[in-house]
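Please consider the following structure together with its sequence.

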Amino acid sequence: PPASQNNEQGSTLRDLLTTTAGKLRLGSTDAGIAFAPVYSTGTASGKSGRTMPNILDDIIASVVENKIPPNRAPKINIKSEIKDEPKDDRKGIQDDCSKLYSDIQYSWICDKHVLWLRDHKNNNNWKLFKECWKQGRPVLVSGMHKKMNFSLWKAESISLDFGNQQADILNCKDSIISNTNVKEFWDGFEDVSKRQKIKNGETALLKLKDWPSGEDFKAMMPARYEDLLKSLPLPEYCSPEGKLNLASHLPGFFVRPDLGPRLCSAYGECVAATKDHDIGTTNLHIEVSDVVNILVYVGIAKGNGVLSKSGVLKKFEEEDLDDLLRKRLKDSSELPGALWHIYAGKDADKIREFLQKIAKEQGLEVLPEHDPIRDQSWYVNKKLRQRLLEEYGVKTCTVIQFLGDAIILPAGALHQV
């Protein structure tokens with residue numbers, strides 16, 4: 001409803017905006033903001049002044065420009081005041097970017113859905129990133145390992161420094177978690193003969209589950225923590241001190257999400273050897289915050305029962321890949337390490353419905369409170385990804401992460417690895 005002319009204070013935000021803006025005159029000099037203060041405080045000398053920050057004023061001022069003519073009650077149309085609303089016009093975005101950002105090395109991959117920034121050293125990357133990020137699209141930045149102290153991230157180095165630590169280790173084949181000495185995990189990282197065996201004699205497919213994480217990471221691995229922070233892509237957004245990293249600047253009374261960092265490590269080449277790629281080291285799930293994931297090390301396992309490097313490359317080539325990713329696979333200087341399948345957040349409900357249908361087809365009990373995405377109970381294999389496209393129109397974005405690649409995902413994007 002329109003604001004009451006007699007109620008200047010206003011009982012709702014709409015009332016507040018309309019009654020206060022109506023009193024605004026061009027040339028107002030109150031702190032340079034578009035609206036008169038909601039409140040002011042007196043100084044010790046008795047003079048009235050704006051001595052306390054007014055959060056609401058500052059928020060309003062950042063959105064609404066000072067364009068209200070004098071002696072005229074404004075008609076506030078929020079939509080018309082918001083700049084650069086996201087549009088699903090990929091061709092338009094690319095045309096604009098090619099004109100405005102000719103000094104940046106970049107490409108579009110995955111049917112123009114993912115931005116690939118090819119030169120991590122370019123200080124203008126964040127400007128193009130901003131345009132893509134407004135569309136809620138993933139971004140890949142390559143070459144981050146060139147800024148890092150590579151010796152810190154070798155499996156043998158981590159095992160030597162922290163082998164006596166205890167951690168949760170997940171066997172991805174049977175989803176059994178055990179708490180054990182991490183030296184066992186790292187000793188088998190590149191030597192298959194030292195890996196655990198499960199009951200039927202098969203080699204266990206292990207994942208070191210988020211070890212260490214958050215404050216533990218910083219306290220346990222200070223040198224690696226500092227090396228990681230100085231090597232983050234797009235520091236304006238990704239660094240804890242980045243001016244555009246909003247989560248790091250939330251007031252203290254907010255409950256903040258776990259921003260990490262956390263170390264994720266797994267025996268990936270065993271996944272490639274499984275039939276139909278039915279197993280993943282990270283099942284389909286959603287993160288509640290934006291995520292940057294950097295591939296800091298890729299080991300080449302040796303021993304019986306694992307694929308050779310050429311065998312792994314062949315498995316990658318069987319995927320539905322972008323031409324530029326296929327070209328990277330053939331580049332001997334590039335080392336592929338992880339296979340990602342990414343979905344837009346808007347497709348979450350369709351994917352959830354699809355997985356519940358598949359569960360019923362397989363005779364599994366589907367409880368009302370069961371959420372296959374929240375529970376991270378599914379790795380969607382190639383056959384299911386094809387059905388998802390045919391039956392629900394949901395296309396999979398397939399990305400190969402090479403050594404040094406940083407994948408930046410917006411909150412709400414579904415992904416498996």
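A residue is called buried under 20% relative accessible area, exposed over 50%, and partly exposed in between, with a 1.4 Å probe and protein chains only. This is a predicted model, in which local features need pLDDT of at least 70, side-chain atom pairs count only at pLDDT 80 or more, and totals for chains, interfaces and linings use all residues. Residues are numbered from 1 along each chain as its sequence is written, and side-chain values use heavy atoms, without hydrogens and water.

Thr180 counts as buried because its relative accessibility is 12%. Thr180 belongs to strand β7 (residues 176-181); strands are DSSP runs of E with at least two residues, helices are runs of H or I with at least four, and both are numbered from the N terminus. Leaving aside residues up to four places away in sequence, Thr180 touches Gln165, Gln166, Ala167 and Ile169, where contact means heavy atoms within 4.5 Å.

Strand β10 is joined to β15 (residues 414-416) by 2 bridges, and Ile286 has Leu414 as its bridge partner in β15.

Helix α14 (residues 348-361) meets helix α15 (residues 382-392) through residues including Phe354 and Ile358 in α14 and Leu384 and Leu388 in α15.

Notes:
Pairing = 2+ DSSP bridges.
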